[in-house]
Each structure stands twice: as C-alpha cells, then as structure tokens.
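Biologist: I have a model open and would like to learn how to read it. Could you take me through it, one feature at a time?

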Amino acid sequence: MGANFITGTGTDIGKTWFACALLRHWRAAGLAPAAFKPVLSGFDALRPEMSDAGALLAALGREASRAELDAIAPWRFAASLSPDMAAALEGRRIDFDELVDFSRQVIAMPGRPLLIEGVGGVMAPLDEQHTVRDWIAASGLPCVLVAGSYLGSLSHTLTALEALQRVGAGVTAIVVNETPGSAVALDATLESLSRFVAGIPLTAIARDIAPADVAGLAGLLC
Ligand SMILES: Nc1ncnc2c1ncn2[C@@H]1O[C@H](COP(=O)(O)OP(=O)(O)OP(=O)(O)O)[C@@H](O)[C@H]1O
Ligand SMILES: [Mg+2]
C-alpha cells in the first residue's frame, strides 16, 4: 500500500474527514497506517483534540498529547488564516525546505498506508513564494484531490487539477465529497467531471456513506 498527499480544492472540503475514514478502515483491516498534518492553522492549544491533528490522532488510536502533536503537526498556528498569514501574525514563517525535509523523512518511515494532509487548497500560500502545490511537487507523492458538489465546484476542481498537472504532480483519485444542502446532485457533478478527467479515478462520498463504501475508496489508493 502506498503513500498519498491529501489535498483539496479549498478549505473545509473534507480532507480530514476523508483521511480519518480511511485510517479507521485500514486499522480495522489490521493495517498500521500513518498520517501527518504538518502545517496546521486555527490551532487552539487548549483544545488540541478539536484540531485536524487531533482528529487524525484519534483515528490512529493515539492521544492528542504534545509529543504526538509535535510528531505529526510540527507547524501549528493559532489563527484560522492561510499558513503564511497565520505564521506572520506570530512573527514566524514556514521554512519551505524544512517542510519538504520533514515530509521526505516521514515518507521514508515504515508506516503504510501513509497520508499527508495538506492545508487549505492546492494553491494556498505557505510563505512568500511557495504554495501547497510546490510542497506536493517537492514531496514527490501522488495526491488525492478532494472536491465538493456545490455550485461552482466543477470549475474549482478542474482548475485545481490543471494546477497540479502543470507541475507534474500525480493524481491518484478525485474524490467528490457531497456538499450538504447543495442544489447540484452528487451524481450530476460526477458525471460532468468524468467528461473532463479521463484516466483519473473519480469517486463520490455521500454524506450518509456506509462503512463498506469506505473500503471501496481505500481501494482507490492501493
Ligand atoms: N462526508 C462527510 N460526512 C459528514 N461530515 C463531513 C463529511 N465531510 C466533511 N464533513 C465535516 O465537514 C467539516 C469540514 O470537513 P474537514 O474538516 O474534513 O475539511 P478539511 O478540508 O480537512 O478542512 P481544512 O482546510 O480546515 O483542513 C468537518 O466538520 C467534517 O466533519
Ligand atoms: Mg483538514
């Protein structure tokens, strides 16, 4: 089983939810997955379990302790802003080379399957010059692009895909996570996207997804 970078068309699209569903599924299947959320903004040190890193650790069956947080999410910022802005508010900046080194080190570790969750969307800035896309390209991992089914998501998804392909990033799958309350049907979103993304596995997550369907999604990442 491989390693994948979980990215998305934007923030709040379901990257962590999808990653946690996979981790729980893999653990139930007797595997020992690994997951990282190296860059985390909107982190409340008083409620670490509420953060993305806390959710991933819970799905891995681990505590949201300081040591565990340092291990999977070393760049933590309080403000719910893009990472460059959140870091600047604390008089800090993300050293892109250090982030890439960290990513390569965890990729080299034995835990499999392995997931690295990005931050925000594909083109979210990390510092003055680099975006998540640069991080994906430098890490060498293929990515899963999580998208929504809201009105406008078709353009956002195809734009994100174009951006990834432009730097040669591999795309393991596009996962359309149903947007609650959207007037656009999930099936229609999938059908429309399928006409533009030939060759890339495309799948949907309904809000009421059954545990058995997570197995199918996990199969995409093998
Ligand atoms: N398929 C789903 N079923 C139920 N709840 C979901 C589903 N997908 C996402 N959610 C919920 O929607 C919210 C946003 O999802 P999530 O935190 O996974 O987004 P994200 O892309 O990881 O956001 P961020 O950019 O902050 O990392 C969360 O409260 C999550 O539990
Ligand atoms: Mg998240």
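Modeller: Gladly! Let's begin with contacts: two residues are in contact if their C-beta atoms, placed from the backbone, lie within 7 Å. Keep in mind that this is a predicted model.

Biologist: Which residues does L145 touch, not counting residues up to four places away in sequence?

Modeller: L145 touches T7 and G8, then A160, L161 and L164, and also V171 and I174.

Biologist: How do I go from contacts to a core?

Modeller: The general idea is that nonpolar side chains in soluble globular proteins tend to be buried together. Here, the largest nonpolar core has 61 residues, and L56 and L145 have the most contacts inside it. Helix α1 gives the largest share of this core, with six residues.

Biologist: Now the sheet. In what order do its strands lie?

Modeller: The six strands here follow the order β2-β5-β1-β6-β7-β8, and the pairing is parallel. At the edges are β2 (34-36) and β8 (202-205), each pairing on one side only. On average, neighbouring strands of this sheet are turned by 25 degrees against each other, direction ignored.

Biologist: Which bridge partners can I look up for β1?

Modeller: Strand β1 pairs with β5 (residues 114-117) in the parallel sense over four bridges, and N4 has L115 as its bridge partner in β5. Four bridges also join β1 to β6 (residues 143-147), again running parallel, with C143 in β6 as the bridge partner of F5. Further along, β2 and β5 pair over three parallel bridges; there, F36 is partnered by I116 of β5.

Biologist: Are the faces of β1 covered or open?

Modeller: For this, count neighbours: a residue is buried if 20 or more other C-beta atoms lie within 10 Å of its own. On β1, A3, F5 and T7 are buried on one side, and N4, I6 and G8 on the other, so by that count both faces are covered. In other words, six of the six residues in β1 (residues 3-8) are buried.

Biologist: How does helix α7 sit against the sheet?

Modeller: Compare its direction with a strand's. Helix α7 (residues 153-166) lies across β6 and β7 (171-177), running at about 160 degrees to β6.

Biologist: Last one: which residues come nearest to ligand 1?

Modeller: Start with the shell, then ask what it is made of. Of the 13 residues around ligand 1, the nearest are T11, G14, K15, T16 and W17. Three are nonpolar, six polar and four charged. Helix α1 (residues 15-28) contributes the largest share of that shell, three residues.

Notes:
Residues are numbered from 1 along each chain as its sequence is written. Chains are lettered from A and ligands numbered from 1 in the order in which they are written. This is a predicted model: local features need pLDDT of at least 70, side-chain atom pairs count only at pLDDT 80 or more; totals for chains, interfaces and linings use all residues. A residue is near a molecule or strand if its C-beta atom, placed from the backbone, lies within 6 Å of it. Helices (H or I, at least four residues) and strands (E, at least two) are DSSP runs, numbered from the N terminus. Ala, Val, Leu, Ile, Met, Phe, Trp, Tyr, Cys and Pro count as nonpolar, Asp, Glu, Lys and Arg as charged, and the others, Gly among them, as polar. A residue is buried if 20 or more other C-beta atoms lie within 10 Å of its own, exposed if 12 or fewer, and partly exposed in between; C-beta atoms are placed from the backbone. Two strands pair if DSSP finds at least two bridges between them. Axes are lines fitted to C-alpha atoms, for helices over the stretch in contact, and angles run from 0 to 180 degrees between N-to-C directions. A nonpolar core is a set of buried Ala, Val, Leu, Ile, Met, Phe, Trp, Tyr and Cys residues joined through C-beta atoms within 7 Å.
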